[in-house]
Every structure is written in C-alpha cells, then in structure tokens.
Amino acid sequence: KQKHDMINPESTSLTEALKTANDLNKDVKMPREGALDSATILMISNYGRMKVDNLKTDFLKFEPIEYAEKLISFVNQGQPRQSQDIAISNQGWINLGKASQKFFMKSPAFHFMAGSFERGEPVKKVRRAPDSQRLDKENLSDKATVPKQMKSFDESDKSEATTAEVEKLLDLLQKLYRENERNPICYFEFVLHPESFSQTVENMFYTSFLVRDGLANIKLDDEKLPLIEPIQNPEQEKVRKNLPHKQAVVSLSPQEWKELVEVYKITDPLIPTRVCSTLDSSATKKMRMK
Amino acid sequence: MPRTNKQPDNDRIPSSQVSATQAEKAHSSMDRGEQEKKLHDLVQFLLIMDQKKLPIKKLDINKQVLKEHSKALPVMMKLAEEKLRKIFGIELVSLEDKQKGTYILVNTLDTDVDEQLESDPNLTLTPVDWSDENHAKTGLLMVVLSAIFMNGEVMVDSQLYHMLRKLKVDQDVTHPVFGDVKKQLTVEFVRQGYLEYTRQPNTDPPVFEFRWGFRAKKEITKRNCLDFVSQLYEKNPEEWVSQYQVVVEEEGEEEESSAS
C-alpha cells in the first residue's frame with residue numbers, strides 16, 4: 001500500500017524518502033550499511049520511474065472502475081435494475097457479446113452438418129476391473145437395507161493371479177469362520193493390515209471378489225459395523241433367497257486406515273502378507289515413514 | 001465498423017525445416033489424385049482444428065494429414081491458404097516468435113449483419129451462428145481487451161481483477177456464466193491467443209501483466225475498442241488523446257501495408 005501511495009504523482013512522499021535516505025548516508029560507516037543504502041536508492045529510483053509512467057498528461061483519463069460502472073448501466077438499459085450481487089445478468093453478458101461479435105474477425109467454427117465421424121469400437125480391455133464391488137464405509141450407517149450379493153459378471157476376464165488369491169482368501173475366511181465358532185468375522189479385522197496400507201487395499205479388493213461371486217456375505221451388526229461370513233452353499237443360497245442385488249462403494253484413506261488399526265488394536269494381519277513386488281515394498285516403506 | 005484485412009503476402013509461411021525445392025519435389029512425387037485428396041484433407045483439418053480457436057501445430061498437420069508426405073508441407077500450406085481465402089474468405093496466419101510453427105485462422109469477410117441490413121432490408125442473410133456461451137465469453141473479452149487498450153495497452157493483474165470485481169466477476173468466486181474466471185483469463189484466452197500474460201520481473205509476491213495477444217491483434221481493431229468505449233462515455237474518440245494517437249498509428253500502418 002505504501003508503494004501505491006509513493007507512485008501516486010500527487011504525493012511527495014517519494015521525495016521525502018529520498019531526502020531521509022540521503023541524510024542517513026552521511027552516517028554510513030560500514031560497507032554493509034552502504035549496501036543497504038544503495039539498495040534503498042535503487043528501490044526509490046524504480047518507484048520514481050513507475051511514478052513517471054503513472055503521470056498521464058491526458059485531460060481525459062481512463063479509470064477502470066468508472067469504465068466498469070458505465071458498462072453496467074449500458075448493458076442494463078431497459079432491463080429491470082439488477083441486484084448488487086449480480087451487476088450484469090447472464091443474459092446481459094450474452095447480449096453484450098452478441099453486439100461485440102461483429103468487431104471480431106473470427107473464422108466461423110466448422111462443424112459437419114451430419115455430425116463428425118464415429119469413433120470405432122472401443123478396444124476391450126484385457127482385464128475388466130470389477131469396479132462396482134466396493135462398500136461405502138460412510139453410508140453404511142445410513143442404509144436401511146444391508147448390501148447383499150452382487151450379480152455375477154462374466155468370469156472369463158479375470159486374470160489368473162487374482163483368481164488364485166481370491167481362492168486363497170476364501171479358504172482363509174472359511175477357516176477363520178470355523179475358528180470363530182461359526183460367527184461372522186469383523187470385516188475390518190479381516191482386511192486391515194497394520195503395517196501396510198497397500199496390503200489392506202488389496203485385501204479389500206480380493207474380498208470384494210468373494211462377495212461378488214456370492215461366496216461371502218457382508219452385513220452390518222447391531223452397531224452398524226460390517227461383518228463378513230462365507231456362504232455355505234452358494235448355489236442353494238442364491239436360489240433360495242433370490243435377493244435383490246445391491247452395490248456399494250468403500251473408500252479408505254491412509255489416515256482412516258491408521259485410525260482403524262489403532263481402534264481395532266490390530267497387531268498382526270489376519271490375511272498373511274503377500275510376497276511383495278519391489279514397487280509394493282517401496283510403497284510400504286513410504287507408508288511406514290509417514 | 002469492421003475493416004477488411006490487408007492482403008497476406010505470399011512469403012508468409014516459413015519453410016524452416018524443408019527447403020522450397022525439396023518441398024516441391026515431395027509434392028510432385030505424389031500423383032495428381034493424391035495431391036488433390038491431401039489438399040482437401042488439409043483444408044478440412046485446418047477448419048475443424050480451428051473450432052476451439054487454439055493454434056494449429058505443424059506437427060499435428062504432419063501427423064494427422066500429410067504423414068509420409070510431410071516434406072511437402074510448405075507447398076501444401078500455400079495451396080491450402082489459397083483455397084481458404086478464395087472459398088471461405090479465411091486468412092491463414094503463420095505465427096512467429098514463441099508460437100513459431102503454428103497457425104491460426106482469421107476471418108476476412110464482413111460479419112456485420114445489421115449494417116448490411118440497414119442499407120438493404122430485403123437481403124436474406126445467414127449470419128454466423130455462435131453459441132450463447134461463446135457470446136458471453138466474447139462479451140467478457142471485449143470488456144477486457146478494451147480496458148487493457150484504454151489503460152495504455154497493458155494492465156496489471158490486480159487492476160484488472162479490481163475492475164472485474166466491480167462487474168461482479170470475481171476471481172475467487174465461481175461465476176455463474178464464466179466459472180473459474182482466473183482460469184478463463186490466464187489459461188483459455190492466453191492459449192487461444194487473445195491475451196498475453198507475463199510476469200513483471202523482480203516482484204515478490206509475483207505481479208503479472210495483461211496485454212493483447214496475437215489473435216486479438218488480428219481479429220479486432222483498436223479503433224473499434226476506442227469507438228466502443230467512447231460510445232459508452234458519450235464522448236468523442238478524439239477526446240482520448242493518447243489512445244486516439246495509437247489508433248491513428250495503427251491505421252497508418254494498415255494503409256502502408258495495403259499500399260505495398
């Protein structure tokens with residue numbers, strides 16, 4: 001703000017500052033002070049230059065704010081008075097634009113009359129990610145009904161590695177279920193890995209396959225916390241219950257993951273750590289360092 | 001009143017990578033049918049790429065249209081330029097300096113429908129149709145370009161934003177028509193060539209300046225802006241002494257180049 005005042009041709013504060021600097025210069029003994037003094041002079045001369053630029057000799061000076069005000073009244077001619085918040089209405093801008101178009105020598109945008117050429121068939125991705133498979137952690141408490149089994153998709157697109165992992169997971173789930181006296185297992189205790197966020201996410205991913213294929217069921221307990229249990233007779237279950245399929249989305253941030261691990265006091269992962277690729281281990285290390 | 005554009009000189013298109021004779025050889029190595037087809041593809045390509053008003057790159061031209069005949073680019077561009085001018089009334093402009101190796105398209109024909117209708121009400125005209133979104137952006141552009149010009153052809157960003165805030169177009173607020181205003185000004189208009197956005201040296205926090213971009217200089221005249229503003233203030237253009245002088249200079253330049 002001081003700068004603006006100094007550049008104003010009307011003010012003399014710049015000259016005053018120069019005078020002060022000049023007086024101080026007499027007291028300069030050390031080179032450092034001399035350097036400061038010359039820096040000050042440099043700044044003052046820059047400002048002086050800007051001041052000269054601002055000095056307009058026109059009788060009629062262009063003031064942007066005044067221009068804006070005139071624009072507003074011009075555009076709003078004949079229209080009902082706009083509120084203070086709007087100034088120029090949407091239609092006002094459009095009208096202003098329409099009137100201005102003739103000033104612009106714009107080449108017209110070229111569009112085919114019958115539309116552009118069609119895109120070809122999108123190349124089918126080799127591995128179709130099942131992206132409908134996630135539970136919404138936040139919305140679970142709001143849902144009146146419990147998410148049930150998913151409609152099964154065409155299985156032929158799964159990669160083998162995933163299938164193997166999923167089967168391993170199913171075996172593990174069934175084992176834990178039996179050990180838990182045939183009670184459903186807390187979902188978070190099942191999937192959370194205390195050391196690795198990426199392992200946790202992978203666990204959730206593979207778990208979602210189980211649910212999708214109707215091999216596991218996720219439901220909420222009385223406290224609205226999610227539980228997971230394996231389905232005993234998948235084919236029979238489907239036929240008997242014939243339940244409507246629901247989808248949900250789960251999201252988990254690293255922050256939330258850490259909090260959950262603390263809350264559930266998870267020290268060892270229920271799902272064994274998978275042998276990591278180098279990428280995974282460096283990601284794990286990064287997580288630990290955070 | 002819109003002006004007619006000066007004649008483009010024929011040596012406009014630089015053939016920096018390929019010499020003229022190399023290009024001609026490459027061009028004549030194509031058989032007649034192929035030459036025609038490539039030329040038509042090229043003209044269409046230029047017209048379609050122009051939709052967003054972003055500069056068209058030589059690289060893209062070679063990749064998408066000319067492909068194996070990219071050496072013939074200089075010859076093809078000259079032919080395309082002629083077609084555009086004769087059939088569409090569109091001028092092909094090759095950009096220099098920082099934008100070297102790109103092109104923009106500019107209109108040469110009078111699009112002022114009202115004026116033509118005034119002189120002959122019985123004319124059936126098909127004026128160029130722009131979308132409402134385009135109209136609104138043009139309105140904003142007109143306001144900004146005129147302000148910059150009237151302010152001495154450069155405006156500091158804080159000044160411009162201060163003025164726009166008066167119009168309730170605020171860079172911190174998502175505008176119902178323009179959305180992210182700052183982005184519109186500093187990204188879209190700059191990419192299209194309507195505005196130039198440069199940083200003042202030795203400023204901290206950084207201060208930026210707005211000027212007219214290359215496209216603005218080709219598409220709109222300073223006289224139009226001065227007339228527009230003068231009308232707004234209900235004053236004569238001559239009363240704006242320094243701005244009027246710039247306009248006179250601009251017109252002097254025009255006369256010079258059309259005379260040559």
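Me: What is a salt bridge, and which residues form one here?

Reply: A salt bridge is a side-chain nitrogen of Lys or Arg within 4 Å of a carboxyl oxygen of Asp or Glu. In this predicted model, B:Lys166 pairs with A:Glu69 in this way, and their closest N and O atoms are 3.5 Å apart.

Me: How many salt bridges does the rule find across the interface of chain A and chain B?

Reply: The rule finds one between these two chains. Polar contacts are counted separately: 13 residue pairs between chain A and chain B, both residues at pLDDT 80 or more, are in polar contact.

Me: Which elements of chain A give two or more residues to the side that touches chain B?

Reply: They are helix H4 (64–75) and helix H5 (90–100) of chain A. H4(A) gives the most, with 10 residues. By type, the residues on this side of chain A divide into 22 nonpolar, seven polar and 11 charged.

Me: How many residues of each chain are in contact, and what area is buried between the chains?

Reply: On the one side there are 40 residues of chain A, and on the other 59 residues of chain B. The area buried between them is about 4,700 Å², and carbon and sulfur atoms give 70% of that area.

Me: What does chain B consist of, and what share of its residues is buried?

Reply: Chain B has 11 helices and six strands. It has 260 residues, 46% of which count as buried. Its accessible surface is about 14,000 Å², with 48% belonging to carbon and sulfur atoms.

Me: What share of the contacts in chain B with a separation of 6 or more joins residues 24 or more positions apart?

Reply: Such pairs account for 59% of those contacts.

Terms used
Residues numbered from 1 in each chain as written. Chains lettered and ligands numbered in written order. Heavy atoms only, no water. Contact = heavy atoms within 4.5 Å. Buried area = accessible area lost by both parts, 1.4 Å probe. Polar contact = N/O pair within 3.5 Å; in protein donor to acceptor, adjacent residues only side chain to side chain. Helix = DSSP H or I, 4+ residues; strand = E, 2+ residues; numbered from the N terminus. Nonpolar A, V, L, I, M, F, W, Y, C, P; charged D, E, K, R; others polar. Buried < 20%, exposed > 50% of the residue type's maximum accessible area, 1.4 Å probe, protein only. Areas by Shrake-Rupley, 256 points an atom, 1.4 Å probe, with all protein chains shown as cover.
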